[in-house]
Amino acid sequence: MMSIHTAMLVGLLAPLVVAILTPFLAVRHVWRDAAGPIGGVITFIAAVHVALAVLDGETPRLFVAQIAEGLALEFAVTPLGAIFGLVASGLWILAALYSVGYMRGNHEKHQTRFAAFYAVAVHAAMAVAWSGNLLVLFVFYEILTFSTYPLVTHKESALARNAGRLYMSILVGTSVVLLLPAVVWVWLSTGTLDFRPGGYLAGQIDPAMAPILLALFAFGVGKAALMPIHRWLPAAMVAPTPVSALLHAVAVVKAGVFTILTVVVYVFGIDFLSETGAADWLVWLSAFTILASSMVAITKDDIKARLAYSTISQLSYIVLGAAIASSIAVQGATLHIVMHAAGKITLFFCAGAIYVQAHLTKISELDGQGREMPWVFAAFFIGALSIIGIPPLGGSWSKFMLMVGAVDSGYLVILGVLGLSSLLNIYYLLEPVSRGFFRPKVKTVEVTSHPLVVIPPVLTAILSLLLFFYVDFFADLAKLMVIS
Amino acid sequence: MMGAAILTNLPALLVVVPLLLAPFSAVLPIAGLAWVLALVGTGISFLAALMLQSVTENGVRISYHLGNWEPPWGIEFVVDSASSLTLVVMSALGFLATLAARRLVAIEIADKDSGKFYAAWLLVVGGLFGLVMTADAFNLFVFLEISALASVILIGTGAGTDRRALVAGYHYLVIGAVGATFYVIGVGFVYAITGTLNMGDMASRLPDAAGGAALYVGFGFMVAGMLVKAAIFPVHIWLPAAYGYAPSAVSTLLAAIATKAALYVLARIFFTIFGGTPDIVDIALSNIIVPLAVGGIFVGTIMAIYEADIKKMFAHSSVAQIGYIALGLALATPAGISAGFIHIGNHALIKGGIFMAIGGFVAALGARASLETITGIGRRMPITATAFLICGLSLAGLPLTAGFISKLYLVRAILETDSYAILALVLISSALSVVYLWKVMEVMWMQPAPARSPKLIENPAIYLPLWMVALGNIWFGIDASWIVGAARLAATALLGGGA
């Protein structure tokens with residue numbers, strides 16, 4: 001058996017080792033392409049190990065260095081971090097397999113560079129998940145941004161470069177100008193940046209200032225894509241689909257909402273927020289983002305653009321749960337990290353599979369293609385149902401808990417917002433499926449079969465289904481977050 | 001025996017070795033040998049500074065009498081934890097800048113002039129060390145002139161590639177001379193009141209001397225003179241052109257160490273010489289120096305944003321960074337002075353690295369580095385550009401870099417004095433500094449190199465010093481205990497020891 005210490009080291013370093021080895025393994029493409037999935041399995045085993053320890057009530061720690069008083073370079077896994085670590089590493093296995101199929105099937109250039117930075121991004125995501133304090137979280141949050149830049153601009157076209165510039169300027173700009181001062185503010189007023197159950201800002205800062213500090217965090221974490229700082233996410237869709245799937249539906253954006261949830265639960269403390277009403281404004285802003293981006297999603301004919309706006313909307317569900325700041329809402333938000341990850345990665349996998357096999361990118365071109373690619377469209381259907389929140393799929397749990405949380409805290413209007421959003425989801429997420437199966441074909445395309453891009457979405461679709469029945473593991477972890 | 005003699009004479013060695021090697025270097029016909037001489041001189045100084053630092057770590061204060069003449073007749077060198085920290089920082093960066101200088105100088109300076117170039121180089125370094133150690137107010141003026149005149153020569157050598165270096169050097173000569181003259185006029189007044197040139201004696205006699213107006217005039221002139229030398233806003237105007245047009249090696253040396261010595265002397269004037277008359281010091285610090293420091297932070301940052309020439313951009317940025325150091329010192333609290341000293345060290349690391357890397361770019365480009373010419377240079381010279389990126393991140397104050405530690409301690413010191421307006425201004429300026437850094441990094445890393453641009457050849461000769469500095473920025477960002485501890489001792493030495 002691995003000691004918990006070793007497990008943390010392995011989980012943090014395995015992706016980095018993959019990244020370093022990739023250029024050397026590139027002499028044989030099979031070796032290079034096997035490194036990702038193998039690294040994923042190893043990282044995932046470590047993450048399971050760590051999560052089990054957390055479930056037992058432990059807080060696995062890994063101390064690296066002391067920077068100054070109250071500032072340590074340290075990793076410590078909270079229940080929330082354990083969940084995010086599981087999601088990032090588990091989905092990396094499938095995404096790595098999928099990338100191989102996608103990059104090969106698409107004859108992309110620079111596959112070695114791509115694989116290396118992909119692994120660095122996963123490393124950064126794991127480090128964010130397991131970070132022991134706000135400083136470490138901030139550092140790896142930035143590394144995650146920097147490591148994904150070469151992936152976003154992978155095509156090296158003018159379009160990709162402009163997208164990359166927007167991506168970097170929003171994510172780096174907001175984090176340095178807003179998030180970093182917020183972190184320093186916390187340190188100056190409390191002398192620590194650790195994450196503690198129940199939070200510790202109560203009594204340490206003026207309640208009148210709490211909304212301002214929260215705003216620095218909410219807008220400083222550009223990765224959470226709260227409106228109006230969401231523009232980078234649709235821009236990032238110029239990247240190859242494996243990037244959109246793992247990073248811009250799971251690792252990067254979830255690192256954003258993870259940061260907000262962490263700050264709310266372990267720094268502010270949900271009691272402090274709900275007593276002072278400091279997060280009230282954030283409830284309404286996230287509700288606005290949920291609806292507004294759904295409206296935009298409807299207008300998009302490009303599959304990836306529509307999925308991107310759907311992601312912005314779904315991320316705000318999680319921010320909403322954090323902002324309501326009740327025990328049940330926070331648990332719902334946490335579960336939504338898991339459920340949305342499984343559902344959305346399925347949809348992106350499908351979008352990429354359709355592109356690789358049939359070179360279609362528009363929803364209006366999908367008419368009748370369902371029979372050509374039944375597995376892909378079936379997986380898309382399941383993933384979409386989970387995101388809409390229909391039982392028996394995983395997404396229904398988190399949406400249900402968020403609704404209960406909203407009602408419990410007296411936000412009846414929010415209940416309406418969530419209902420309306422679900423209706424919009426049904427419309428714009430099921431449209432591609434209904435076109436595929438029920439409309440006559442408008443375009444005849446040659447479909448080449450690439451099993452490596454079909455198997456992963458089918459597996460993640462099955463995962464979405466399993467998550468409905470085996471939600472307990474994650475639900476128990478989420479419960480630990482709010483019991484101090 | 002020999003060892004003991006060297007140990008007791010360490011303070012003198014620090015100054016004498018570079019100054020003595022200078023004339024030898026001047027007559028050496030081979031450029032490489034002159035460089036070796038400069039390397040040896042700065043290397044010995046660095047070792048001597050390290051030894052001095054280890055001695056003064058326990059609060060020991062070394063008083064060295066030149067030629068065994070007792071003060072006030074003879075000249076006294078004083079090394080305490082404040083000056084030894086400054087010396088270690090300056091000599092370390094001086095050594096690294098020399099290490100990097102060889103290739104950069106070979107490109108920009110004619111071989112036959114190299115001997116004289118390194119002679120001036122050694123004079124600058126030796127003069128600045130003297131400036132930091134001397135406890136004699138008039139002797140300080142002498143060292144000031146040695147280093148200033150030698151700096152003018154070094155700046156002027158940039159004329160080989162850009163004639164504007166001559167004007168820049170001339171400006172520095174004239175403005176610097178005004179500063180030095182102001183300083184010496186001030187010393188004259190204080191001498192008239194106290195009858196001594198020894199700083200310690202001045203400090204002990206000033207509180208009881210009925211100085212009256214003469215005291216204020218003397219204090220004002222001394223401070224005003226050193227403000228010029230330290231390039232505090234609004235008398236910083238010589239600096240951007242001087243750093244901008246000097247040869248790259250010279251920009252590195254001056255940016256890393258030159259103004260640091262003047263800032264340290266300012267601290268000595270405030271807290272040592274006039275330590276016994278806190279009323280006028282407090283008035284000057286809170287009403288003049290703090291506003292000037294904040295003004296410099298903004299002017300430097302904003303000028304940097306609008307500057308397209310890379311060297312001048314970071315010269316403007318130096319004005320802002322000097323403002324941060326001056327602000328810390330001017331808070332006059334232990335935390336504030338520590339923050340000032342922390343940034344003296346960290347800023348030397350940051351700017352030393354940045355100017356070294358720019359030197360690498362200039363050497364490869366064969367042209368001035370501007371936003372236009374460095375387009376896409378990140379991919380064309382990745383090793384140099386990555387080190388530049390690290391130093392840039394440190395300048396922006398990102399966690400795990402030395403710059404973050406500086407900002408953190410400065411902000412905390414400001415907060416302790418409840419000056420929320422200053423805190424807000426510092427935070428705003430800090431955010432603004434991201435603008436020019438972003439502009440540079442964007443051009444370097446996110447834009448493609450212009451079509452048909454020639455292949456750029458990196459300069460491996462600067463790798464070692466450049467990466468030592470770049471990794472230093474990370475090292476001291478992860479383990480800040482050395483600099484924080486040393487800066488705290490320095491603050492104690494300055495505030496505690498009136499004499």
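Is A:E156 buried, exposed or partly exposed? With 13 other C-beta atoms within 10 Å, A:E156 is partly exposed, because buried takes 20 or more other C-beta atoms within 10 Å of a residue's own, exposed takes 12 or fewer, and partly exposed is in between, with C-beta atoms placed from the backbone.

Okay, some housekeeping. What you see is a predicted model, where local features need pLDDT of at least 70, side-chain atom pairs count only at pLDDT 80 or more, and totals for chains, interfaces and linings use all residues. Residues are numbered from 1 along each chain as its sequence is written, while chains are lettered from A and ligands numbered from 1 in the order in which they are written.

Back to A:E156. You'll find A:E156 in the loop between α5 and α6 of chain A; helices here are DSSP runs of H or I with at least four residues, strands are runs of E with at least two, and both are numbered from the N terminus. Phi of A:E156 is near 60°, a positive value in a residue other than glycine. B:A332 sits in the loop between α13 (310–330) and α14 (334–365) of chain B, and B:A332 is buried, with 23 other C-beta atoms within 10 Å.

While we're on loops, look at two cis peptide bonds in chain A. One runs from A:M227 to A:P228, with omega near 5°, and A:P228 is in the loop between α7 (210–220) and α8 (232–235). Another runs from A:P391 to A:P392, again with omega near 5°; A:P392 is in the loop between α14 (374–388) and α15 (395–408).

Now, helix packing in chain A. The axes of α2 (residues 29–55) and α3 (residues 79–105) come within 8 Å and cross at roughly 160°. Axes are lines fitted to C-alpha atoms, for helices over the stretch in contact, and angles run from 0 to 180 degrees between N-to-C directions. That makes α2(A) roughly antiparallel to α3(A), a label for angles over 145 degrees. Their crossing is left-handed, that is, the near helix is turned anticlockwise from the far one by less than a right angle. Residues in this contact (C-beta atoms, placed from the backbone, within 7 Å) include A:D33 and A:F44 in α2(A), and A:W92 and A:L97 in α3(A).

Next, α3(A) and α4(A): their axes come within 9 Å and cross at roughly 170°, so they too are roughly antiparallel. A:W92 turns up here as well, among the α3(A) residues, with A:Y118 among those of α4(A).

And α4 (residues 111–129) also packs with α1 (residues 4–25), at about 165° with axes 8 Å apart. α1(A) and α4(A) are therefore roughly antiparallel, and their crossing is left-handed.

So where do the chains meet? 18 residues of chain A are in contact with 19 residues of chain B. On the chain A side, β1 (61–68), α5 (134–152) and α6 (158–190) each supply at least two residues, and the largest share, 10 residues, comes from α6(A).

Last, chain B on its own. It has 20 helices and 2 strands. Its C-alpha trace spans about 75 × 55 × 40 Å along its principal axes, and buried residues make up 62% of its 499 residues.

Key:
Two residues are in contact if their C-beta atoms, placed from the backbone, lie within 7 Å. Angles under 35 degrees count as roughly parallel, over 145 as roughly antiparallel, 65 to 115 as roughly perpendicular and the rest as oblique.
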